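These are my notebook entries on a structure that I am opening for the first time.

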Amino acid sequence: MTIQEIVADILKKKEAVGGVDSVYLVACGGSFAGFYPAKYLLDHASRTLRCAMFTANEFVHALPDACGPNSIVLGCSMRGTPETGEAVRAARERGAATVAFYVQESKMTGYSEYKVQYETIAEDVSRAEQTNAALELQFCFELLHQKEGCPLYEPAMAGFAILDDIYRSAAEYCRPRAKAFAAGCKDEPVIYVMGGGPSMGAAYIFSICNLMEMQWVHSPTVNSGECLHGPFETLDKNLPMFVLVSEGRTRPVDERALRFLKNYGEKLYVLDAKELGINRLDSSVAEYFNHLVFSSVLNNVYLRELSYAKKHPYQNRRYMWQVEY
């Protein structure tokens, strides 16, 4: 089934129990953070749906009372993380409609009522509009469109059609900048990452998946809106700060934090969505695409250049898939 068909089928079936009133986004690690664009859309553009994100194991152990027949639960895992499979199973037992986003079949896809296969962001041949975060965002645009009408729907669909081209151009533009970042940070034990609003998920993924998991670098993630309310006290001229500046309504929040960093810090690396071609998208929907451009560039350009400079293959793991956990 296509995303459009899945959404239509869910809404039709849920008419018998009073319709859909909530969406839960459940996953682990990078898959969890990949849901941020979908959550940002539902939080800001929906008039009738409430939305919540949970790491899968928390969802299993503390299943929200409101999750039930009027809910849609989206689960995501590339290979079928056991916790996410259990979360989908628990949600379906509650009567929620369940949709699994996956690369490889697993218990998660077996537990789920519907499934959507995606292309991994980690492979250059994958198209940007077919990655997990992109398809999840498409799902939620479709849900809004069919459930309550969405004036953003048509410009968003046009945006998905050119997303891969925007990403390819952005990747080439960023390659020399990524090399400079790698040269400057290859020996750094700590690299802060700052982002906010529609880009918070991309910042989080760069911290916990790219820098911590794949390069073994300590990397706190700082929300741009919180930077001046605590984290800025750690800033000095020696602290590397990687800053994502979004396009959209929260851009002034990023810019305010960046002004402070420029005044008092020296090791700043800035990735600005405006320089990556995001303004090729209609201004009404551009902010919802920040994550999709940032995450692909960070994973496939910045991570790889840092890996080469550190001589630390990004496939290396000490614990993940190596020991029982």
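**Ground rules.** I am working with a predicted model, in which local features need pLDDT of at least 70, side-chain atom pairs count only at pLDDT 80 or more, and totals for chains, interfaces and linings use all residues. Residues are numbered from 1 along each chain as its sequence is written, and side-chain values use heavy atoms, with hydrogens and water left out.

**Entry 1: α3 against α7.** I began with the way α3 passes α7, and I noted a right-handed crossing; a crossing is right-handed if the near helix is turned clockwise from the far one by less than a right angle, and left-handed if anticlockwise. My helices (H or I, at least four residues) and strands (E, at least two) are DSSP runs, numbered from the N terminus. Helix α3 covers residues 36-45 and helix α7 residues 132-148, and the two pack at an angle of about 25° with their axes 8 Å apart. The axes are lines fitted to C-alpha atoms, for helices over the stretch in contact, and the angles run from 0 to 180 degrees between N-to-C directions. The two helices are therefore roughly parallel to each other; angles under 35 degrees count as roughly parallel, over 145 as roughly antiparallel, 65 to 115 as roughly perpendicular and the rest as oblique.

I then listed the contact, meaning heavy atoms within 4.5 Å: P37, A38, L41, L42 and A45 of α3 meet E136, L137, C140, F141, L144 and E148 of α7. By class, this contact of α3 with α7 has nine nonpolar, no polar and two charged residues. Ala, Val, Leu, Ile, Met, Phe, Trp, Tyr, Cys and Pro count as nonpolar, Asp, Glu, Lys and Arg as charged, and the others, Gly among them, as polar.

Which residues of α3 are buried? I found P37, A38, Y40, L41 and L42, where buried means under 20% relative accessible area, exposed over 50%, and partly exposed in between (1.4 Å probe, protein chains only). Their cover includes β1 (22-27), α2 (29-33), β2 (50-55), α7 and α11 (290-310).

**Entry 2: α1 against α7.** The axes of helix α1 (residues 3-14) and α7 come within 9 Å and cross at roughly 45°, and α1 and α7 are therefore oblique to each other. I recorded this crossing of α1 and α7 as right-handed. On the α1 side the contact is made by I3, Q4, I6, V7, A8, I10 and L11, and on the α7 side by L135, Q138, F139, E142, L143, Q146 and K147. I sorted the residues of this contact into nine nonpolar, three polar and two charged.

**Entry 3: the core.** A nonpolar core is a set of buried Ala, Val, Leu, Ile, Met, Phe, Trp, Tyr and Cys residues joined through side-chain atoms within 4.5 Å. The largest one has 79 residues, and those with the most contacts inside it are V99, F139, F141, F242, L271 and Y302. Helix α8 (residues 153-185) gives the most to this core, with 13 residues. I looked up F242 by itself: not counting residues up to four places away in sequence, F242 touches F181, Y192, V193, M194, F206, Y269, L271, L298 and Y302.

For α8 and α11, I noted axes that come within 7 Å and cross at roughly 30°, which makes α8 roughly parallel to α11. Their contact has 18 nonpolar, two polar and four charged residues.

**Entry 4: two residues of α11.** N290 lies in helix α11 and counts as buried, at 1% relative accessibility. With residues up to four places away in sequence left out, N290 touches P198, S199, S246, E247, A273 and I278. H291 also lies in helix α11, and at 2% relative accessibility H291 counts as buried. Leaving aside neighbours within four places in sequence, I found H291 in contact with A33, G34, P37, A133, P198, G201, A202 and I205.

**Entry 5: after α11.** I looked up K311 in the segment after α11, and K311 has a positive phi of about 55° although it is not a glycine. At 73% relative accessibility, K311 counts as exposed.
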